[in-house]
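Please have the coordinates open while you read my comments.

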Amino acid sequence: QDGLPAFARLWRKVESCLRLEMSPELDLLAFHPARRDRGPGCSDDPTDAGHFSTRAPFPTLQLLRCRDLESARAEWAAKHGGPGALGLLYANKRKLRAL
């Protein structure tokens, strides 16, 4: 949990700046060694392997171009069927839990 609150503040600040400057073009993803995912398919159990989908060895903010994200989501949906982003999220969590 060390540094997670400070990292969360930085994340929110960067996200806010991006919205003002380039919101339609960029998306911000955040990864932290102690982060617990609260999105779809998540558990409140801190030992749930699904949380590793939002973790990294070091605090990391990743900028992605929205058009690249949409393209990857559409490609995944076409190959696997169903909703691209949500389907990929659930598939990743299932794989993590199976390890």
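The numbered points below go through confidence, pockets, a histidine, the cysteines and an arginine.

1. **Ground rules.** This is a predicted model, in which local features need pLDDT of at least 70 and side-chain atom pairs count only at pLDDT 80 or more, while totals for chains, interfaces and linings use all residues. Residues are numbered from 1 along each chain as its sequence is written, and side-chain values use heavy atoms, with hydrogens and water left out.

2. **Confidence.** The chain has an average pLDDT (the predictor's confidence in each residue, from 0 to 100) of 86, and 93% of the residues score at least 70. Helices and strands here are DSSP runs (H or I, at least four residues, for helices; E, at least two, for strands), numbered from the N terminus. Confidence is highest in β2, with a mean of 92, and lowest in α3, with 84.

3. **The largest pocket.** A pocket is an open set of points on a 1 Å grid over the protein atoms alone, where a 1.4 Å probe fits, with protein on both sides within 12 Å along at least five of seven lines; lining residues have an atom within 4 Å of a point. Volume is the space filled by probe spheres set on the points, which are joined across faces, edges and corners. The largest pocket holds about 680 Å³. Its lining has 22 residues, with L29, S53, T54, R73 and L89 nearest the centre. At least two lining residues come from each of α1 (4–22), β1 (26–31), α2 (66–80) and α3 (84–98).

4. **The second largest pocket.** Here the volume is about 210 Å³. This pocket is lined by 11 residues, and L4, W11, R35, R36 and R38 are the closest to its centre.

5. **H32.** This histidine sits in the loop between β1 and β2 (60–65). H32 counts as buried because its relative accessibility is 3% (buried is under 20% relative accessible area, exposed over 50%, partly exposed in between; 1.4 Å probe, protein chains only). The H32 side chain reaches the backbone nitrogen of A34 at 3.0 Å.

6. **Cysteines.** With a disulfide taken as a pair of cysteine sulfur atoms within 2.5 Å, the count is zero. For C66, the closest cysteine sulfur is in C17, 16 Å away, so it is too far for a bond. C42 is partly exposed, at 27% relative accessibility.

7. **R94.** Where is R94, and is it buried or exposed? R94 lies in helix α3 and is exposed, at 54% relative accessibility. Between R94 and L20 there are 74 residues of sequence separation and 36 Å in space, C-alpha to C-alpha.

Terms used. Polar contact = N/O pair within 3.5 Å; in protein donor to acceptor, adjacent residues only side chain to side chain.
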